[in-house]
Amino acid sequence: MKMKFLVLVLTIGYIHLTHPCSIFAYIGTKLAKAHVLKCLARLEYRGYDSAGFACFDLVTNDIVVLKKPGKIEKLKELALKSPCDGYAAIGHTRWATHGQATELNAHPHTNNDNTFALVHNGIIENHFQLKQQLLQKGYTFKTETDTEVMVHLLDAGIKETGDLKEAALKAVNQLKGACTFVGLHKNFSDTLVVARQRAPLCIGIAEDGMHIASDFLAFADKTNNVFFLPERSIALVKAGAIYSFDYEGNSLPIETKTVNLQPSAYEKLDHEHFMLKEIYEQRTAIERTVSYYNELGDELWPQLGLTKQEARDLASINLFGCGTSWHAARIGQFFFESIANMPTAVHLASEFRYMKFFAPKDSLFIAISQSGETADTLELIRYFKQQHARIATLTNVETSSIVREADGYLLIKAGPEIAVASTKAFSTQLTGLYWLAHRFALERGLIDEVAMRQAEHDLCYVAQVLEQTIEQYEVNIIADAPYYAQFQRLMYLGRHVTYPFALEGALKLKEISYIFAQGYPAGELKHGSIALVDEHTPVILFSHQNQTIYQKLVGNAQEVKARNGHLLVFAFEGQDELIHLADKVYIVPKVAPLLEPLAMTGLMQFFAYQIALVLGRDIDKPRNLAKAVTVE
Ligand code: AGP
């Protein structure tokens with residue numbers, strides 16, 4: 001009997017509509033079409049429900065729009081057949097929520113006389129009200145999208161003022177929400193009109209022109225000289241110049257940053273998927289992160305926005321994030337409490353900002369985010385800031401919005417993470433949290449320099465274990481995957497620090513294989529979920545090295561076996577009783593206390609990857625997902 005899942009959603013007051021997407025645009029001295037499509041493809045991890053392109057066509061002197069539902073390959077086929085091209089063009093890939101993933105709802109959207117085309121990343125929260133006003137002005141709407149409101153607002157402004165800057169200012173000052181866009185008008189074909197509000201946007205300044213993108217990864221092979229548009233700003237971008245303004249129309253300086261990115265970062269090299277490449281990159285990423293921390297020395301505290309004395313006097317830590325970053329925070333809590341002896345609270349950013357909260361004084365709030373662009377986490381930063389909380393961030397992207405909005409930051413050195421499912425970011429987040437907890441303990445006199453170096457050594461040893469266990473069990477996991485791929489649901493169990501790790505294991509499998517998986521505290525099993533245990537629900541159990549906790553987990557394993565449950569165990573060397581209970585077992589060498597999750601991370605991710613591979617899933621771009629969730 002095929003299992004059908006009923007999803008119940010509790011809405012509180014209002015429903016948020018979200019759609020992270022990717023934008024790439026170009027204006028310069030060379031023909032744009034092929035270049036725009038190539039660079040847009042690098043950003044497709046941000047949304048892949050439809051793709052579109054528009055240019056000011058040199059032959060017809062018209063705005064020509066091409067768009068297709070589905071992956072960008074479909075758009076490329078269409079574009080190849082079309083003769084249109086020009087020196088100014090805009091492109092977009094979409095993650096649909098507001099209106100079906102159809103050709104009609106795909107971006108770019110145009111005004112009623114097709115003289116203006118626009119691509120948008122974000123959501124217009126007051127689109128309904130604005131639409132009513134525009135309908136009264138005689139505008140007609142072709143699509144279900146919120147974006148069309150923005151096109152008509154700008155069109156009205158251009159008709160009224162005949163000036164792109166004035167029209168953009170009029171429009172952005174009426175829009176609420178995340179409203180980052182790039183527009184191209186027939187009468188201003190030497191200029192792209194751009195705005196940044198919430199969702200990120202940057203401009204790569206190169207010899208051959210201006211490359212505008214949601215992420216500089218798109219044009220990294222072109223230039224490393226980048227202008228990151230400030231929040232709530234507009235810009236007029238020409239082939240050789242950028243004019244930036246705030247929402248009052250005041251000029252803003254064009255301050256560029258040099259970003260260094262290895263082209264191999266956005267190539268799969270000889271791996272079938274970015275996810276597999278990034279799983280194998282973890283040892284190097286962890287070692288690179290540890291050596292970066294080691295070199296930081298006393299620069300750490302000012303970079304985190306603290307003085308040494310403040311680091312000594314802090315009373316507590318608050319960690320927060322979403323998805324995998326929230327799981328890392330849950331594991332980090334054990335590090336700060338056990339190693340630095342600091343009371344630590346963890347908050348789920350997508351939920352917490354609606355809670356009544358009194359920010360404790362003398363606490364450091366650490367936002368954990370790979371991309372540094374997750375809107376829920378950004379919004380919680382803004383919420384805590386209203387309460388004068390001190391905010392730092394642990395992130396993978398130094399040029400991200402979260403670094404700009406926090407008081408301080410600490411980087412993880414994972415390198416660009418392209419696959420939607422987070423892998424090396426997770427392991428380097430655990431590395432960062434473990435190292436920082438030790439650094440606080442050192443500053444607060446709980447440990448000495450020798451113990452600090454030992455912690456760095458333990459991290460590098462675990463990085464080795466992570467890599468070697470994948471090599472050791474690669475063949476086994478590839479052989480085992482078809483067995484697990486046949487099931488509709490799996491349960492992941494852990495205790496203490498391996499419970500949040502079980503949450504991460506379940507998320508990894510869910511998001512790339514579409515199999516329903518639940519991470520669960522093993523101690524809670526007998527309080528309900530053990531009712532799910534039968535021959536249709538394999539149980540994945542993550543062990544622990546602490547003897548007391550291990551014994552409890554042995555008890556849980558016996559409970560599962562007593563109900564004919566299939567048991568796959570991730571055990572540590574010498575844990576014979578648990579190993580003998582298991583139907584399948586992957587054994588990991590002993591590591592430093594609390595580093596159990598990091599030691600098992602490679603195996604856990606490779607296991608999920610192989611199951612998704614057996615099921616033929618689009619592993620790097622799983623359905624319904626996007627890499628950076630840039631609106632709430
Ligand atoms: C993880 O595999 C997912 N991509 C997702 O849960 C992600 O961790 C979450 O959206 C948070 O992203 P961030 O770390 O970039 O803020």
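Let's start with Glu-596. Glu-596 is buried, yet has no salt bridge. The nearest side chain of opposite charge is Lys-590, 9.3 Å away. Buried means under 20% relative accessible area, exposed means over 50%, and partly exposed is in between, with a 1.4 Å probe and protein chains only. A salt bridge puts a side-chain nitrogen of Lys or Arg within 4 Å of a carboxyl oxygen of Asp or Glu. For charge, Lys and Arg count as positive, Asp and Glu as negative, and His and the chain ends are not counted.

A word on the model. It is a predicted one: local features need pLDDT of at least 70, side-chain atom pairs count only at pLDDT 80 or more, and totals for chains, interfaces and linings use all residues. Residues are numbered from 1 along each chain as its sequence is written, and side-chain values use heavy atoms, with hydrogens and water left out.

Back to Glu-596. What does its side chain meet? A polar atom of the Glu-596 side chain lies 3.0 Å from the backbone nitrogen of Leu-594. A polar contact is a pair of N or O atoms within 3.5 Å; within protein, one must be able to donate a hydrogen and the other to accept it, and residues adjacent in sequence count only if both atoms are side-chain atoms. Leaving aside residues up to four places away in sequence, Glu-596 touches Val-497, Thr-498, His-544, Gln-545, Asn-546, Phe-572 and Val-591. Contact here means heavy atoms within 4.5 Å.

Leu-594 deserves a look too. Its phi is near 75°, a positive value in a residue other than glycine. Most residues other than glycine have a negative phi, and most peptide bonds are trans. Leu-594 sits in the loop between strand E25 (584–588) and H19. Leu-594 is buried, at a relative accessible area of 11%.

Now the helix itself. Glu-596 is in helix H19, residues 596–614. Helices (H or I, at least four residues) and strands (E, at least two) are DSSP runs, numbered from the N terminus. Which way does H14 run against H19? The axes of H14 (residues 424–443) and H19 come within 10 Å and cross at roughly 180°. So H14 is roughly antiparallel to H19. From H14, the contact uses Phe-426, Ser-427, Leu-430 and Thr-431; from H19, Pro-597, Leu-598, Thr-601, Met-604 and Gln-605. The axes are lines fitted to C-alpha atoms, for helices over the stretch in contact, and angles run from 0 to 180 degrees between N-to-C directions. Under 35 degrees counts as roughly parallel, over 145 as roughly antiparallel, 65 to 115 as roughly perpendicular, and the rest as oblique.

Next, charge pairs. How many salt bridges are there in the whole structure? The search finds 35. Lys-38 and Asp-221 form one of them, at 3.5 Å, N to O. That pair links distant parts of the chain: Lys-38 is in helix H1 (residues 33–42), Asp-221 is in the loop between strands E10 (209–213) and E11 (225–228), and they are 183 residues apart. Lys-38 is partly exposed at 41%. Asp-221 is partly exposed at 35%.

Glu-379 and Arg-353 also pair, at 3.6 Å, N to O. They are 26 residues apart, with Glu-379 in helix H12 (residues 375–386) and Arg-353 in the loop between helix H11 (349–352) and strand E18 (363–369). Glu-379 is buried at 10%.

Arg-453 bridges to Glu-456, with the closest N and O atoms 3.0 Å apart. They are three residues apart in helix H15 (residues 449–485), so about one helical turn separates them. Arg-453 is partly exposed at 38%. Glu-456 is buried at 6%. Elsewhere, salt bridges that share partners join Arg-198, Arg-353, Glu-379, Arg-382 and Glu-405 into one network.

Back to H1. Seven of its ten residues are buried. These are Lys-33, His-35, Val-36, Leu-37, Cys-39, Leu-40 and Arg-42. They pack against strands E1 (22–28) and E2 (50–56), helix H2 (72–81), E4 and E10.

Two backbone points to finish. Where is the cis peptide bond? It joins His-107 and Pro-108, with omega about 5°. Pro-108 is in the loop between strands E4 (88–94) and E5 (109–110). Then Asn-564, not a glycine, has a positive phi of about 60°. Asn-564 is in the loop between helix H17 (547–561) and strand E24 (567–572). Asn-564 is exposed, at 62% relative accessibility.
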